[in-house]
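Subject: Structure handover

Hello,

Please find the structure below, with its sequence. My notes on it follow.

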Amino acid sequence: MIDSIDLIIYDIEWIDFRHLRNLGIDIKSKTERRSKMFWFSHKNIEFKFFPIKKYLLIMTNVKKILNKEEITLTDKNIYKEKVYQIIKEILDSSNKIKIYLSRIDYDVNIRFENINIKNIYMTLLQKCKTRFKYMKQEQKYKTSMYLKNKYGQYRINFYDKGEESKDIKYKNVLRLEIQVNSPKLKAERKRKEIPNILDVYWSKEKMLEIYFDMLKEYLHEGKYYTRKEITKKIEMSIYKSTYQKKLKKFVLYIERYGIEETIIRGIYSKPTIKKYIEMLTAININPIPIPVESEYIELESLYSIARNIAEDKYFK
């Protein structure tokens with residue numbers, strides 16, 4: 001459910017470095033844009049202190065803090081207590097500390113039964129848009145795809161976790177991750193008066209609103225089929241023959257070029273593409289067909305798989 005969380009504390013005048021050294025902490029520093037920054041690690045937490053701006057950034061990996069892979073709703077208070085105690089130890093303070101959220105990463109790990117089916121899903125991901133919600137894909141890899149924008153509100157990371165980590169425990173695991181960054185949290189606070197605090201964003205409501213709504217729009221809900229199977233289902237649908245022909249032709253172009261290249265080539269306008277995808281989704285068809293050379297003729301949508309995993313494991 002949650003991978004990384006960055007927290008931030010404002011109005012920090014100074015940190016007692018002598019106290020940190022007594023804790024056995026090694027402090028490093030560098031200057032960025034004429035502003036000095038100090039950073040150090042303690043008990044699986046990374047800290048960055050910006051004395052001129054007077055804030056302390058706290059970067060945590062939730063799974064490391066809690067020493068578990070599957071993070072659930074009920075883990076929130078344990079995480080808060082552990083991190084809060086470490087922060088108090090760093091600041092050498094017994095006073096109440098106001099801690100705000102600076103970033104949160106939502107994710108779902110999908111474990112496939114074998115490498116073939118995992119690779120088919122990676123191939124299907126490569127046919128998705130490379131531009132989405134002001135984000136764009138800067139580099140393309142066989143086992144991963146990353147989208148981000150210059151404003152930094154979101155980042156989408158879909159990747160083969162086993163390949164990325166080189167850890168056997170993640171064999172045939174595909175991670176679907178969406179980072180929600182500080183600019184988005186600030187925008188939510190400014191426009192909707194939603195406080196950027198952990199209690200708000202560590203919730204089923206926010207994961208549904210941010211993670212799954214975006215996943216649904218990007219990956220689509222319908223099942224994956226080969227183009228031959230899609231043709232059969234379109235012909236069995238209630239759509240008129242003129243629209244059936246249009247939808248079959250549309251799927252042919254998506255199979256050939258992918259969604260993004262179809263847009264770039266100007267084969268269809270964006271409103272038309274949106275309309276055709278909605279029509280296919282209405283009959284439970286994903287617009288991206290399974291490659292003809294695949295051994296599979298039907299696969300569940302990644303969105304549905306991820307949602308079922310979240311309901312079964314995370315939303316407890």
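Are Arg 175 and Asp 3 buried or exposed? Arg 175 is buried, and Asp 3 is buried as well. Please keep in mind that this is a predicted model.

Salt bridges

The whole structure contains 28 salt bridges. One of them joins the side chains of Arg 175 and Asp 3, with an N to O distance of 3.5 Å. Arg 175 belongs to strand β11 (residues 173-180) and Asp 3 to strand β1, so this pair links distant parts of the chain, 172 residues apart.

A salt bridge also forms between the side chains of Lys 118 and Asp 160, at 2.6 Å from N to O. Here helix α4 (residues 115-125) supplies Lys 118 and strand β10 supplies Asp 160; the two residues are 42 apart, and the pair again links distant parts of the chain. Lys 118 and Asp 160 are both buried.

The side chains of Glu 217 and Lys 133 meet in a salt bridge too, at 3.2 Å from N to O. Glu 217 sits in helix α8 (residues 204-219), while Lys 133 sits in the loop between β7 (131-132) and β8 (135-141), so the bridge ties together parts that are 84 residues apart in sequence. Glu 217 has a relative accessible area of 44% and is therefore partly exposed. Lys 133 is also classed as partly exposed, because its relative accessibility is 38%.

Surface charge

Which residues gather in a patch of positive charge on the surface? They are Arg 131, Lys 136, Lys 150 and Lys 270. Of these, Lys 150 is placed in the loop between β9 (144-148) and β10 (154-160). Lys 150 counts as exposed because its relative accessibility is 74%, and the cut-off for that class is over 50%.

Strand pairing

Strand β2 (residues 28-32) pairs with strand β3 (residues 35-42) in the antiparallel sense, over five bridges. Within this pairing, Ser 29 has Phe 38 of β3 as its bridge partner. Strand β3 also pairs with strand β4 (residues 45-50), antiparallel and over five bridges. There, Ser 41 has Glu 46 of β4 as its bridge partner. The hairpin of β3 and β4 has two residues between the strands, and in this hairpin Lys 43 takes a positive phi near 50°.

Backbone angles to check

Two further residues may be of interest if you look at the backbone torsions. Asp 11 is not a glycine, yet has a positive phi of about 60°. Asp 11 lies in the loop between β1 (2-10) and α1 (17-22). With a relative accessible area of 66%, Asp 11 is exposed.

Glu 193, also a residue other than glycine, has a positive phi near 60°. The loop that holds Glu 193 runs between α6 (182-192) and α7 (198-201). Glu 193 is exposed, its relative accessible area being 70%.

Regards

Note on methods. Residues are numbered from 1 along each chain as its sequence is written. This is a predicted model: local features need pLDDT of at least 70, side-chain atom pairs count only at pLDDT 80 or more; totals for chains, interfaces and linings use all residues. Side-chain values use heavy atoms; hydrogens and water are left out. Patches are made of residues with over 30% relative accessible area and no salt bridge: like charges are joined within 9 Å, nonpolar side chains (Val, Leu, Ile, Met, Phe, Trp, Tyr) within 5 Å. Accessible areas come from the Shrake-Rupley method with a 1.4 Å probe; for residues, only the protein chains shown count as cover. A salt bridge is a side-chain nitrogen of Lys or Arg within 4 Å of a carboxyl oxygen of Asp or Glu. Lys and Arg count as positive and Asp and Glu as negative; His and the chain ends are not counted. The place of a charge is taken as NZ of Lys, CZ of Arg, CG of Asp or CD of Glu. Helices (H or I, at least four residues) and strands (E, at least two) are DSSP runs, numbered from the N terminus. Buried means under 20% relative accessible area, exposed over 50%, partly exposed in between (1.4 Å probe, protein chains only). Two strands pair if DSSP finds at least two bridges between them.
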